[in-house]
Amino acid sequence: MDYHDHEWGSPSHDERYLFEQLMLECQVAGLSWATILAKRESFRTAFDDFDAHKMASYDDQKVEDLMLDAGIIRHRLKIKAMISNAQAYLDMLSEGLSFNDYFWGFVDHEVILHMDDKFVTQCDLSDRISKDLKRRGFKFVGSTTVYAYLQAVGIINDHEVSCFVRRNHE
């Protein structure tokens with residue numbers, strides 16, 4: 001409830017937060033967001049507070065250490081994807097492209113406000129971003145994952161029409 005009321009769907013331009021949220025969304029595949037959220041602090045500790053520079057340099061021994069950490073999701077492919085994603089993220093930064101500019105650029109830096117309570121899990125926008133992220137080397141970034149990310153960081157406002165949080169961001 002607290003996450004919904006104070007964080008989910010709030011437009012964010014904070015680079016570290018944008019990176020963290022994508023890394024966490026990549027963990028959700030096959031699980032619930034509540035599971036990931038309950039483990040968020042453990043993920044922060046295990047992944048050096050989502051410092052992409054540190055994560056990008058993780059070696060096989062670090063992967064093995066992470067596989068023993070009961071506080072996170074111990075899925076080897078997801079762990080390796082986070083390392084690969086950190087490397088891809090640093091490549092973007094080296095090209096002068098921040099996550100803030102990248103993701104918000106797809107929507108001309110304007111929140112997409114859905115005007116009905118129709119439940120969707122992907123859209124043309126999430127399809128396009130997913131394809132582009134994969135082209136850039138990101139993993140576990142299917143259209144559904146990207147859509148959930150866009151909702152979480154406030155690029156898409158999918159709060160129900162009657163939700164008080166929605167009105168705070170209109």
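## Salt bridges around E20

R16 and E20 join their side chains in a salt bridge, with N and O 2.6 Å apart. The model is predicted. Both residues belong to helix α2 (residues 15-27). They sit 4 residues apart, about one turn of the helix. R16 is partly exposed, at 34% relative accessibility. E20 is buried, at 0%.

E20 also forms a salt bridge with R44, where the closest N and O atoms are 2.9 Å apart. This pair links distant parts of the chain. R44 lies in helix α4 (residues 40-46), E20 in helix α2, and 24 residues separate them. R44 has a relative accessible area of 19%. The cut-off for buried is under 20%, so R44 counts as buried. A network of salt bridges links R16, E20, E41 and R44. In total, the structure holds 7 salt bridges.

## The nonpolar core

The largest nonpolar core has 48 residues. F47, F99 and F103 have the most contacts inside it. Helix α7 (residues 76-94) gives the largest share of this core, 8 residues.

F103 touches L22, I129, L133, Y149, L150 and I155, leaving aside residues up to four places away in sequence.

## Aromatic rings

There are 11 aromatic pairs in the structure. One of them is F43 with F47, a stacked pair. Their centres are 6.1 Å apart, with 25 degrees between the planes. F47 also stacks with F50, at 6.3 Å centre to centre and 10 degrees between the planes. F43 and F47 are both buried. F47 has a relative accessible area of 0%. F50 is buried too, at 2%.

One aromatic cluster is formed by F19, Y89, F99, Y102, F103, F106, F138 and Y149. Elsewhere, K62 lies over the face of Y58, 4.9 Å from the ring centre.

## Helix α9

Helix α9 (residues 124-135) has 12 residues. From its first C-alpha to its last it reaches 17 Å, close to the 16 Å expected. Its buried residues are L125, S126, I129, S130, D132 and L133. They pack against α8 (99-105), β1 (112-113), α10 (143-152) and β2 (156-157).

D132 and R135 form a salt bridge, with the closest N and O atoms 2.7 Å apart. The two are 3 residues apart in helix α9, so about one helical turn separates them. D132 is buried, with a relative accessible area of 15%. R135 is exposed, at 61% relative accessibility. G137 follows α9 and has a positive phi, near 100 degrees.

How values were computed: Residues numbered from 1 in each chain as written. Predicted model: local features only at pLDDT ≥ 70, side-chain atom pairs only at ≥ 80, totals over all residues. Heavy atoms only, no water. Core = buried A, V, L, I, M, F, W, Y, C linked by side-chain atoms within 4.5 Å. Buried < 20%, exposed > 50% of the residue type's maximum accessible area, 1.4 Å probe, protein only. Contact = heavy atoms within 4.5 Å. Expected span 1.5 Å × (residues − 1). Phe/Tyr/Trp six-rings, centres within 6.5 Å; stacked < 30°, edge-to-face > 60°. Lys NZ or Arg CZ within 6 Å of the ring centre and 35° of its normal. Salt bridge = Lys/Arg side-chain N within 4 Å of Asp/Glu carboxyl O.
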